[in-house]
Amino acid sequence: MTTSEKPAKPAKPLTELTVLARHRVSPSMVRLDLGGDLSAFAGSAFTDRYVKLVFPEAGQDAASALAAGARPTLRTYTALDPDVAAGTLSIDFVVHGDEGVAGTWAAKAQPGDTITVRGPGGAYAPDPDADWHLFAGDEAAIPAIRQSLADLAAKAPYARGHVVVQVDGPAHEQDLPAPEGVEVTWLHRTAPTHPDLATAVRALPWPEGRVHAFVHGEGEAVMKGVRPYLLRERAVPRDDVSISAYWRRGRTEEAFREWKAELARTETQEVPT
């Protein structure tokens with residue numbers, strides 16, 4: 001079978017979730033507690049597990065629209081604490097006023113509202129056997145980082161490492177329980193002088209031994225700032241790095257996907273592994 005003849009990946013299942021409650025986590029983040037049949041999550045061990053929220057055109061049913069080949073609006077979010085037995089999970093949404101699709105929906109969602117999601121997907125969980133860990137990102141990465149730290153604390157309570165998270169200011173910081181040996185650093189965009197994410201990561205001490213890294217967030221900061229430092233300058237093996245852009249400043253998710261695809265097509269320089 002040639003590459004062009006490879007079978008298409010099977011579509012991930014669709015699940016209808018019902019809003020159970022809404023909470024304000026920070027000035028810019030809203031959490032929805034959701035309920036439904038979570039059998040699709042059985043056996044999922046990834047801490048960056050995510051679902052795609054489906055927003056069909058007015059008057060359309062999400063499942064029918066997808067089955068008919070329509071292209072409804074999709075938005076990707078980390079699934080927090082999925083409990084298959086209880087049929088519950090949570091999703092945190094970054095909200096910027098009336099901008100965007102999913103955030104504005106979440107800010108107004110009421111108990112009883114429903115949303116169809118596709119998934120889950122995922123590819124990362126912290127390796128408890130690594131010598132140390134690096135987590136870096138912005139608000140969009142906080143949910144996956146929180147899940148990963150909780151998993152690491154349960155499996156390797158004496159783990160060592162660093163967490164660097166960029167948010168607007170002190171009021172936007174969140175509780176991130178971590179193993180005692182993992183240091184959490186917050187960067188504030190509103191501070192008179194503050195390092196950007198890549199600068200802050202470069203300034204971290206670099207312990208000996210194998211690092212396992214999770215770096216996600218705004219595209220320019222992650223893919224053009226932190227990624228070359230880890231893969232080229234520090235020569236971290238690709239298999240020990242989960243790094244990807246969750247969003248890009250000034251672009252919708254549709255335009256952002258096009259940017260990611262173009263970045264993948266044009267990236268020709270070899271990175272040592």
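Reader: How many aromatic pairs does the structure hold, and how should I read one of them?

Author: The structure holds 6 aromatic pairs. In general, a pair of aromatic rings is described by the distance of the centres and the angle of the planes. Rings of Phe, Tyr and Trp (for Trp, the six-membered ring) are paired when their centres lie within 6.5 Å, and planes under 30 degrees apart count as stacked, over 60 as edge-to-face and the rest as tilted. The model is a predicted one, in which local features need pLDDT of at least 70 and side-chain atom pairs count only at pLDDT 80 or more, while totals for chains, interfaces and linings use all residues. Residues are numbered from 1 along each chain as its sequence is written, and side-chain values use heavy atoms, with hydrogens and water left out.

Reader: What kind of aromatic pair do Phe55 and Trp105 form?

Author: The pair of Phe55 and Trp105 is edge-to-face, at 6.0 Å centre to centre with 75° between the planes. Phe55 belongs to strand β3 (residues 50-55) and Trp105 to helix α2 (residues 102-108), so the pair ties together parts that are 50 residues apart in sequence. Helices (H or I, at least four residues) and strands (E, at least two) are DSSP runs, numbered from the N terminus. Both Phe55 and Trp105 are buried, where buried means under 20% relative accessible area, exposed over 50%, and partly exposed in between (1.4 Å probe, protein chains only). Tyr77 and Phe93, in turn, form a tilted pair, 4.6 Å centre to centre with 45° between the planes. That pair links distant parts of the chain, with Tyr77 in strand β4 (residues 73-78) and Phe93 in strand β6 (residues 88-94), 16 residues apart. Tyr77 and Phe93 are buried as well, and Phe55, Tyr77, Phe93 and Trp105 form one aromatic cluster.

Reader: Turning to the sheet, in what order do the 5 strands of the open sheet stand?

Author: Strands pair if DSSP finds at least two bridges between them, and here the order is β10-β9-β8-β11-β12, with parallel pairing. β10 (181-188) and β12 stand at the edges with a single partner strand each, so one side of each is left without a neighbour in the sheet. The twist averages 5° from one strand to the next; axes are lines fitted to C-alpha atoms, for helices over the stretch in contact, and angles run from 0 to 180 degrees between N-to-C directions. Contact here means heavy atoms within 4.5 Å.

Reader: Which residues of the largest nonpolar core touch the most other members?

Author: In soluble globular proteins, nonpolar side chains tend to be buried together. A nonpolar core is a set of buried Ala, Val, Leu, Ile, Met, Phe, Trp, Tyr and Cys residues joined through side-chain atoms within 4.5 Å. Here the largest has 23 residues, of which Leu134, Val164, Val215, Val226, Leu230 and Val241 touch the most other members. The elements giving two or more residues to this core are β8 (132-138), α4 (197-202), β11 (211-218), α5 (219-233) and β12 (241-247), and α5 supplies the largest share, 6 residues. Apart from this core lies another, of 22 residues, including Leu34, Phe41, Leu53 and Ile91.

Reader: Is Ala136 buried or exposed, and what does Ala136 touch?

Author: Ala136, found in strand β8, is buried with a relative accessible area of 0%. Not counting residues up to four places away in sequence, Ala136 touches Ile145, Val164, Leu197, Val201, Phe214, Val215 and His216. By contrast, Pro157 is found in the loop between α3 and β9 and is partly exposed, with a relative accessible area of 42%. The C-alpha atoms of Pro157 and Pro179 are separated by 5.3 Å, although the two residues are 22 residues apart along the chain.
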